[in-house]
Amino acid sequence: MTATSQAGGDGVVFVLGGGGGPLGAHEVGMLHALLERGIVPDLVLGTSVGAINGAAICADPTVGGVQRLEVLWSALDRGGVFGGSVLRRVTTLARTRTHLHGNEALRARLTEALGVSRIEDLAVPFQCVAASIERASEHWFCDGPIVDAVLASAAVPGILPPVEIAGEHFIDGGIVNSIPVSRAVALGARRIYVLHVGRLDRPLEPPRWPWEVGLVAFEVARRHRFIADLAALPADIDVHVLPTGQQDPPRYTDLSQLRYRDLSGARARIALAREASARYLEDHDLGQS
């Protein structure tokens with residue numbers, strides 16, 4: 001399949017970024033707003049938590065599909081994936097020496113939610129990115145087993161194990177391409193909707209404490225590529241970065257963002273992003289009300 005044909009139709013591409021764990025709930029609200037206005041993608045690209053959301057919407061690109069995705073987030077909130085006692089997590093880390101959780105529970109949830117076994121069986125073309133350890137490069141999954149691909153893209157180092165596929169080991173795609181706008185252009189996009197986890201509106205500042213050093217470094221790398229990709233967009237590409245609706249964007253140095261097991265705010269984030277994105281789409285006369 002050629003690059004251009006991947007974004008066939010009207011060339012509408014949804015780009016779902018990573019880098020936020022629980023903040024990925026914002027993307028669910030954005031998806032709801034888009035589909036409510038009849039904006040359906042010709043191609044979806046996902047990274048990390050964006051790969052989870054993106055694969056789910058490609059399986060069922062309807063408002064009902066988003067509602068089922070919201071149910072999946074509710075299941076995650078109940079501890080279905082990252083549950084277990086501190087002792088259990090410490091035991092897992094002691095046994096594996098690399099991660100706190102296995103991915104069996106997430107695999108089961110994804111298998112149930114997606115309802116198809118291969119990427120090419122999805123209703124909408126989908127690709128997700130992961131970082132290859134052996135090749136130290138980004139790898140795009142365009143076909144093959146979908147759950148393995150999504151697990152690889154979302155394999156947060158230290159939290160979930162690397163995913164082995166065909167003898168190669170993969171970790172979180174956000175390490176190599178957190179918001180893959182350039183990939184959308186390469187695949188023939190004419191209009192791009194960027195769905196992100198937030199923080200982009202928060203100006204960067206030098207780290208003040210030891211624990212902020214790594215957080216700031218990651219945020220610099222993440223934003224650098226995204227800003228460069230936006231600046232390099234051809235003039236005839238129409239791009240829309242959807243809003244999260246948060247008046248006070250999460251701080252990239254706030255340790256609370258590392259509480260990956262705390263999804264209690266997911267419903268509020270979904271609602272805020274849905275409302276703000278719907279207003280944005282209406283103001284820009286995009287889709288149909």
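# Close-up views

**Figure 1. Ser-178 lies in the loop that runs between β6 and α7 (181–186).** The model shown is predicted, so local features are reported only at a pLDDT of at least 70 and side-chain atom pairs only at pLDDT 80 or more, whereas totals for chains, interfaces and linings use all residues. Residues are numbered from 1 along each chain as its sequence is written, and side-chain values use heavy atoms, with hydrogens and water left out. Helices and strands are DSSP runs numbered from the N terminus (helices: H or I, at least four residues; strands: E, at least two). At a relative accessibility of 5%, Ser-178 counts as buried, a class that covers values under 20% relative accessible area, with exposed meaning over 50% and partly exposed the range in between (1.4 Å probe, protein chains only). When residues up to four places away in sequence are not counted, Ser-178 touches Gly-17, Gly-18, Gly-19, Thr-47, Gly-173 and Arg-222, where contact means heavy atoms within 4.5 Å.

**Figure 2. Ser-48 is placed in the loop between β2 (43–47) and α2, and helix α6 spans residues 146–153.** Ser-48 counts as buried, at 7% relative accessibility. With neighbours within four places in sequence left aside, Ser-48 is in contact with Gly-18, Ser-153, Ala-154, Asp-172 and Gly-174. Ser-153 is itself one of the buried residues of α6, together with Ile-146, Val-147, Ala-149, Val-150, Leu-151 and Ala-152. Helix α6 is thus shown as mostly covered, with seven of its eight residues buried.

**Figure 3. His-26, in helix α1 (residues 25–36), and its partners from other parts of the chain.** His-26 counts as buried, at 0% relative accessibility. Its contacts, once neighbours within four places in sequence are set aside, are His-196, Val-197, Gly-198, Thr-244, Gln-246, Arg-269 and Ala-273. The C-alpha atoms of His-26 and Ala-273 are separated by 5.4 Å, although these residues are 247 residues apart along the chain. For the protein chain as a whole, 79% of the contacts with a separation of 6 or more are between residues 24 or more positions apart.

**Figure 4. The two aromatic pairs of the structure.** Rings of Phe, Tyr and Trp (its six-membered ring) are paired if their centres lie within 6.5 Å, and planes under 30 degrees apart count as stacked, over 60 as edge-to-face and the rest as tilted. Phe-14 and Tyr-193 form an edge-to-face pair, with 5.8 Å from centre to centre and 90 degrees between the planes. This pair links distant parts of the chain, since Phe-14 is in strand β1 (residues 12–16) and Tyr-193 in strand β7 (residues 191–195), 179 residues apart. Phe-14 is buried, with a relative accessible area of 0%, and Tyr-193 is buried with 1%. Phe-141 and Phe-170 also form an edge-to-face pair, at 5.2 Å centre to centre and 70 degrees between the planes. Phe-141 lies in strand β4 (residues 137–141) and Phe-170 in strand β6 (residues 168–171), so this pair ties together parts that are 29 residues apart in sequence. Phe-141 counts as buried at 7% relative accessibility, and Phe-170 is buried with a relative accessible area of 2%.

**Figure 5. The largest nonpolar core, of 56 residues.** A nonpolar core is a set of buried Ala, Val, Leu, Ile, Met, Phe, Trp, Tyr and Cys residues joined through side-chain atoms within 4.5 Å. Phe-14, Phe-126, Tyr-193, Leu-195 and Leu-281 touch the most other members of the largest core. Leu-281 touches Ala-33, Leu-34, Arg-37, Ile-39, Tyr-193, Leu-242 and Leu-286, not counting residues up to four places away in sequence. Across the protein chain, 50% of the 289 residues count as buried.

**Figure 6. The second largest pocket and the 13 residues that line it.** On a 1 Å grid over the protein atoms alone, a pocket is an open set of points where a 1.4 Å probe fits, with protein on both sides within 12 Å along at least five of seven lines, and lining residues have an atom within 4 Å of a point. Arg-68, Leu-69, Leu-72, Glu-112 and Ala-113 lie nearest the centre of the second largest pocket. The elements giving two or more residues to its lining are α2 (49–59), α3 (63–77) and α5 (104–114), and α3 provides the largest share, six residues. The lining divides into eight nonpolar, one polar and four charged residues, with Ala, Val, Leu, Ile, Met, Phe, Trp, Tyr, Cys and Pro counted as nonpolar, Asp, Glu, Lys and Arg as charged, and the others, Gly among them, as polar.
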